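Below is a short briefing on one predicted protein model.

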Amino acid sequence: MRSWSIPAGRIFGVQIRIHLAFLFLLFFIWLTEAPVHGTPNPGRGLALTLIVFVSVVLHELAHALAGPRSSNVARSVILLPIGGVTLLSEMRPSSGSATETWAQEVRIALAGPFANLAIGLVAGIAISLAEPHVQLFTKPYVISSNLLRSFVWVNIGLALLNLIPAYPLDGGRILRAWFLRTIDPVRATQRAVSISQTFAMLFMLLGMIKNIWLTMIGFFIFIAGQLEERSIVFQRVLETVRLEDIMLTDFATLSPADTLEDALEKAVHSLQDDFPVIRGGDMVGVISKQKILESLRVEGNGYVQAVMNRIFDVAQKTESLASAFRKLTSRGVSIIPVVEDQRLVGIITLQNLMHSMTLLVESRKLRKSGLSS
Ligand SMILES: [Zn+2]
């Protein structure tokens, strides 16, 4: 999936990618400020771009902290100068009732703008006390020649902008969550995206007559909507893949009567990070390599049954990959046993799922290029 973005590591388990639109923003600042200042200062333009970037990162951090930790594991966020686009957002677990999900969605969505607003206000007050000459209320609010003032207004601007119901901006997220109460996720997203594209057009047109920044913001909203729509297509692919196509059938198991030292010994000889625990023919729990290590370190040797996780979901082998993904993320577990008539026939782990998805995308690409050549 080409997204014009580059990987930039992980924060709180969320995979971060930076969209090349930030480069566009940099050029935009240089171009628009050049006629005003005569010779533009490239360093300051870069600093202003960095301010936008940092503000967007803080915005996304607030979202990540407001949501359940477990849902971060599988998330991938593309940072745009107007906020982040969460890929695989469909995968976010819908644990609990519809109203609970709705309330949670609204809370997570509002956390981002709230953080920017708070940062903007605090920075504004601090700056006006410490550096009164900065003139916070002089236009243009965002300009590279006044970085302190820009920092305040970029944050306040991000907060206000994200409240617009233009999906995938946060206001749009709330709107989509509202649609979700009555229609299915794919149609809810499509409806939200089409409303968003109208906003994007409006901004672009308005920018031509009012302020060129609006045109640029409209352009970024447009890109964000496109990214989101593509993620929906990917989601549909996940719905069509069945667990039996990608589950691990060759895997190690543990017994509840194994000691943790035995378990560690077995784990050393396996590539698996997570193990089903089997008594007789029955699944009685799951345990991760990390948990084994942690328990050994903290409490010393003991039995697997004392520390294993007894609450786990199973999936049928005919279930879709998307459904397994939801199960994995909703419980914050990293393994799902796959059963057929109560019998354990395979496992899906987060580790192998990521791998399988990559393989799946690659094999589809190969098939496509094979067709075209
Ligand atoms: Zn946001």
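Residues are numbered from 1 along each chain as its sequence is written, and side-chain values use heavy atoms, with hydrogens and water left out.

**Aromatic pairs**

- Phe24 and Phe220 form an edge-to-face pair, because their ring centres are 6.0 Å apart and their planes stand at 80 degrees.
- Phe24 belongs to helix H1 and Phe220 to helix H7, so this pair ties together parts 196 residues apart in sequence; helices (H or I, at least four residues) and strands (E, at least two) are DSSP runs, numbered from the N terminus.
- Phe24 is partly exposed at 39% relative accessibility, whereas Phe220 is buried at 1%; buried means under 20% relative accessible area, exposed over 50%, and partly exposed in between (1.4 Å probe, protein chains only).
- Trp102 and Trp178 are also edge-to-face, because their ring centres lie 5.4 Å apart with planes at 65 degrees.
- That pair links distant parts of the chain, with Trp102 in helix H3 (residues 98-130) and Trp178 in helix H5, 76 residues apart.
- Trp102 counts as partly exposed at 22% relative accessibility, and Trp178 counts as partly exposed at 47%.
- Phe24, Phe219 and Phe220 are linked by ring pairs into a cluster.

**Largest pocket**

- The largest pocket holds about 930 Å³ of space; a pocket is an open set of points on a 1 Å grid over the protein atoms alone, where a 1.4 Å probe fits, with protein on both sides within 12 Å along at least five of seven lines.
- Its lining has 28 residues, of which Tyr141, Val142, Asn211, Trp213 and Ile217 are the closest to the centre; lining residues have an atom within 4 Å of a point.
- Helix H1 (21-37), H4 and H7 each give two or more residues to this lining, and H4 supplies the largest share, seven residues.
- By class, the lining comprises 23 nonpolar, three polar and two charged residues; Ala, Val, Leu, Ile, Met, Phe, Trp, Tyr, Cys and Pro count as nonpolar, Asp, Glu, Lys and Arg as charged, and the others, Gly among them, as polar.

**Helix H6**

- H6 (residues 185-209) has 25 residues and reaches 37 Å from first to last C-alpha, close to the 36 Å expected at 1.5 Å a residue; the expected span is 1.5 Å times one less than the number of residues.
- Buried residues in H6 include Val186, Ala192, Phe203 and Met204.
- The cover over the buried residues of H6 includes helix H4 (147-161), helix H5 (170-180) and helix H7 (212-240).

**Asn146**

- Asn146 sits in the loop between H3 and H4 and is buried, with a relative accessible area of 15%.
- Leaving aside neighbours within four places in sequence, Asn146 is in contact (heavy atoms within 4.5 Å) with Arg44 and Val134.
- Asn146 and Arg44 are 102 residues apart in sequence and 8.9 Å apart in space, C-alpha to C-alpha.

**Whole chain**

- The protein chain has 13 helices and nine strands, and 48% of its 373 residues are buried.
- Its C-alpha trace spans about 80 × 50 × 45 Å along the principal axes.

Conventions: This is a predicted model: local features need pLDDT of at least 70, side-chain atom pairs count only at pLDDT 80 or more; totals for chains, interfaces and linings use all residues. Grid points are joined across faces, edges and corners, and a volume is the space filled by probe spheres set on the points. Rings of Phe, Tyr and Trp (its six-membered ring) pair if their centres lie within 6.5 Å; planes under 30 degrees apart count as stacked, over 60 as edge-to-face and the rest as tilted.
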